[in-house]
Amino acid sequence: MKLNQPKTNIIYKACIKASKILIRDFGEIEKLQVSTKGAGDFVTTSDKKVEKIIINELLKAHSDYGILSEEAGKINIKNKENRWIIDPIDGTLNFINGIPQFAISIAYEEKGEIKNCIIFDPIKNEMFVAEKGNGAYLNNSRIRVSKKKGINDSILATGGPSFDSKKKDQILKEFNDISSQLKIPVRKFGSAALDLANVACGRFDGFWQWELNYWDVAAGVLLIKESGGFIDINYDKNLSNKCNIIASNSHIHQDLSNLVLKKNIE
């Protein structure tokens, strides 16, 4: 794969090294030690090992850069200019149940803007890469969002609320309301990073979800932009690192936004 920028190459090496753990452990899923991290939220020994490998690789390249990661939290918080955003396993629940729908997601943020990113699905060997101004790629092929023009003919994806979400009932009602208006059933796969990647490469036409973590979507935001898509991301002032997101192609974005926002779950 052609990587134009040094930061992308650093992310690539971290993904490849960490993915070896994921592939091995996924093949021995019954032996994984799983501890409860919270209601409906799990952390595995693989999660922690993968995160440690990624952080070590990134710090080896730039020891002073900031890091925001799902398990480790914030590192080098004094550096406000340069930061890595990491989700070691996006789709952990899929992973620990032997469902091959999860990914490593890493983004590089500079002065508050995502510049480089990779979402890597190690089981399917699909690497989604984007660099600001250089486009988005799946392995060696340039990708673009779909050209679907009608929302009723579109494949949309979303994710459910967390078990302890204060908006759980509202989010579920919104899902039912929106689904009832569409001809094609809404997809729910359990990995926001891969959902965004699938919008970027045109497999899905749109995606929306509330109360996502920033590390779930940081890489996907750049992928959508560099593949010609539209994305709205709003941060929840009441929940740290949480955001609401709508992503799609240019043709259906307004219709999808209207459909989602008119439900007004704020």
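Colleague: What should I know before we start?

Modeller: This is a predicted model: local features need pLDDT of at least 70, side-chain atom pairs count only at pLDDT 80 or more, and totals for chains, interfaces and linings use all residues. Residues are numbered from 1 along each chain as its sequence is written, and side-chain values use heavy atoms, leaving out hydrogens and water.

Colleague: Which residues touch the most other members of the largest nonpolar core?

Modeller: I119, F128, L196, F207, L223 and I245, out of 39 residues. A nonpolar core is a set of buried Ala, Val, Leu, Ile, Met, Phe, Trp, Tyr and Cys residues joined through side-chain atoms within 4.5 Å. Buried means under 20% relative accessible area, exposed over 50%, and partly exposed in between (1.4 Å probe, protein chains only).

Colleague: Which element gives the largest share of this core?

Modeller: α6, with nine residues. Helices (H or I, at least four residues) and strands (E, at least two) are DSSP runs, numbered from the N terminus. A second, separate core has 29 residues, including Y65 and Y108.

Colleague: New topic. Is T158 buried or exposed?

Modeller: T158 is buried, because its relative accessibility is 3%. T158 is in strand β11, residues 156-158. Its side chain reaches the backbone oxygen of W208 at 2.5 Å.

Colleague: And D205, where does that lie?

Modeller: D205 lies in the loop between α5 and β12. Its side chain makes polar contacts with the side chains of S146, at 2.6 Å, and K148, at 3.1 Å. A polar contact is a pair of N or O atoms within 3.5 Å; within protein, one must be able to donate a hydrogen and the other to accept it, and residues adjacent in sequence count only if both atoms are side-chain atoms.

Colleague: How many aromatic pairs are there?

Modeller: Seven. Rings of Phe, Tyr and Trp (its six-membered ring) pair if their centres lie within 6.5 Å; planes under 30 degrees apart count as stacked, over 60 as edge-to-face and the rest as tilted. W84 and Y108 form a tilted pair, 5.1 Å centre to centre with 50° between the planes. W84 is in strand β5 and Y108 in strand β6, 24 residues apart.

Colleague: What about F189 and F204?

Modeller: They form a stacked pair, 5.7 Å centre to centre, with 20° between the planes. F189 is partly exposed at 36% relative accessibility, whereas F204 is buried at 8%.
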